[in-house]
Each structure stands twice: as C-alpha cells, then as structure tokens.
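Have the structure open while you read them.

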Amino acid sequence: MTDSTPADPAVPEPPEELTSVKPPESEILVITGLSGAGRSTTANALEDHGWYVVEGLPPQMLSTLAELVARTPNALPKLAVVIDVRSKAFFADIRDSLSVLAASGIRYRVLFLDADDDSLVRRFEQGRRPHPLQGDGRILDGIAAERELLAPLRESADIVLDTSGFNVHALATKSAELFSDSGPIVLRLTVMSFGFKYGLPVDANYVADVRFLPNPHWIPQLRPHTGLDQDVSDFVLRENGADEFVARYVHALEPAISGYRRENKHYATIAVGCTGGKHRSVAVAVELAKRLAQLPRVSVSMRHRDLGRE
C-alpha cells in the first residue's frame, strides 16, 4: 500500500522546529514510520531534490544496497530507502540490517514519520482504503497494532517528524528543508513560443498573446528571418508597448512563482504566441526568458514549438 497525506489546508503546521540534517557526505537515509504518515510524499520531495529513492525495499536487501553504496560512493551520494514495516518478521529484519550497517561503518540515518490517530484516520477515510493491519477490525485497530509494532524503531530513530499538522505541500516543503543540499526550491520555468494558427499549447500554465505588435511578416526584408535573428528581434522589441509588456508580465508572474514555490511545485510553462510562431512570439519569448532568469531561485529553459513550420 502506498501511503499518502491528503491535502488539508485548514490544519496549521506543528509548532516544533527541526534543524537541517543535510548530509556532508554520502549516506543512506532510511524512511519509515506509520502508514498514512507521509512516506511517499517525503520520498517524492527528496527525489525532486536529487536523492536517489528506492521505495518498497525489503529490509533484508538493505545491507546489500549499502554495500553497493560503499563500493561506489560517488555514484549514489544521496540515497533514500523507503521501508514499509508491517510484520514482526520484517521488523526483526530491519533491526538486523541496521545493525549490519552500523557495524560496517556505513553512514545512515533513520527518519520516522508519525502522526496522531485523528489525522491518520482522516487520511485513510479520505483515501477510502483500509489500514494494512486492521484486518476485520477498525482503522484505529490497525493503527494501534502498527504503533505497538514500530514503537522500538521510533525510539531509536535519528529524526522523528510528526506530520499531523501537514498537508502534502507542507510536508514536501519540510522534507526539502531538512534534507536538500540545494536549499530552497528552484522553480524550473519553460518559456515557449508558438503560433496560434497551430493551436494552443496543452501544457501551458500561462499564455501571452503578442499579436498586438506589428508583424515582421509584412516587412519583405524581415519575412524570411525569425525572431532569433537580431534584425527581427530589434524590430519587435523596439515597438511601442513591447518592452513595457515584457516588464509588466514578469512583474505579474512574480506572485505566481512565489506561490508555486510555497506549494512545492517545481515546473511551469509560460507560452508566448503570435500568428505563426516565427517572429513576434520568438523575439518576445527570448526576452521574457532573459528577464525571468534574473529572478532568485528560478531556472529557465527555452522552446520554440512552431519555429520552422512556415
């Protein structure tokens, strides 16, 4: 069963503060804890920040994986392993595997995800899935059985994170803050030029229409060229309203970029369209990308969807 932490924006974050535990060198992070406490959400957040994540690994294979890391430390400098402990046999195996790691000198940490009963019940009810240990009983019965099973592991964990007050976005952000070497989230923006006559980009988060600018298509010496050529770019960007449009559009996007980062969104596409996607949209998209790239914690790439179709 893949646990999840459904969004509940009305619940405040817990007040306790945890300090960053970013590893200075290669190590293994073992992610475990109660079902429904957010193991998968945490794993996905770490993967977005450059960790190599292995989910559903049987505890018996942990020592084997650790040996691979020890032999090639530079290949997997940040390895996170998600272990789902649901039986007494598995619990004995993970304790033995962690003992082997400690004896061999391989650096590791254990992150234990916990939550209160009310939060766990709500998450299982929202997901409409049974607790893996409830059997013929109630969800609370399964939670109680799992708590008892995992109590010793929780006591020995390096980090215990109570996710009761987190929604999926807050948990992903907290995980990134604790374990990301790169610091705050970098938003990856794709700025795409396109032609309206070929249809709207289906994956665009924002669409800008620059058909209000004069069309170089009607200038004979500019028609064969594209918005990537300096003469066309100069013609487009020197027009009244072009520079003001780009400047104000960047300013208008800044609150959205901040919001994406708060919601742990890592990617967004901004599309700029003209009639054919050859002149105006290309020139404006290039200028827009240059200015967006100057914003903090933003990475920008370019794509000209319809260039060359005419």
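This is a predicted model: local features need pLDDT of at least 70, side-chain atom pairs count only at pLDDT 80 or more; totals for chains, interfaces and linings use all residues.

1. The protein has nine helices and nine strands. Of its 310 residues, 46% count as buried. If you take contacts between residues at least 6 apart in sequence, 82% of them join residues at least 24 apart.

2. The pair I'd look at is α8 (residues 242–262) and α9 (residues 280–292), whose axes come within 10 Å and cross at roughly 50°. As for handedness, the crossing of α8 past α9 is right-handed.

3. Who makes the contact? On the α8 side you'll find D243, F245, V246, A247, Y249, V250, L253 and I257, and α9 brings V284, E287, L288, R291 and L292. Sorted by class, that gives 10 nonpolar residues, three charged ones and no polar ones.

4. The length of α9 checks out: its 13 residues at 1.5 Å each should span 18 Å, and the end C-alpha atoms do sit 18 Å apart.

5. How much of α9 is buried? 10 of its 13 residues are, so the rest of the structure largely encloses this helix. The buried set is R280, S281, V282, A283, V284, A285, E287, L288, A289 and L292. Their cover includes α8 again, along with α7 (230–237) and the strands β6 (187–195), β8 (267–274) and β9 (298–304).

Terms used
Residues are numbered from 1 along each chain as its sequence is written. Side-chain values use heavy atoms; hydrogens and water are left out. Axes are lines fitted to C-alpha atoms, for helices over the stretch in contact, and angles run from 0 to 180 degrees between N-to-C directions. Helices (H or I, at least four residues) and strands (E, at least two) are DSSP runs, numbered from the N terminus. A crossing is left-handed if the near helix is turned anticlockwise from the far one by less than a right angle, and right-handed if clockwise. Contact means heavy atoms within 4.5 Å. Ala, Val, Leu, Ile, Met, Phe, Trp, Tyr, Cys and Pro count as nonpolar, Asp, Glu, Lys and Arg as charged, and the others, Gly among them, as polar. The expected span of a helix is 1.5 Å times one less than its number of residues. Buried means under 20% relative accessible area, exposed over 50%, partly exposed in between (1.4 Å probe, protein chains only).
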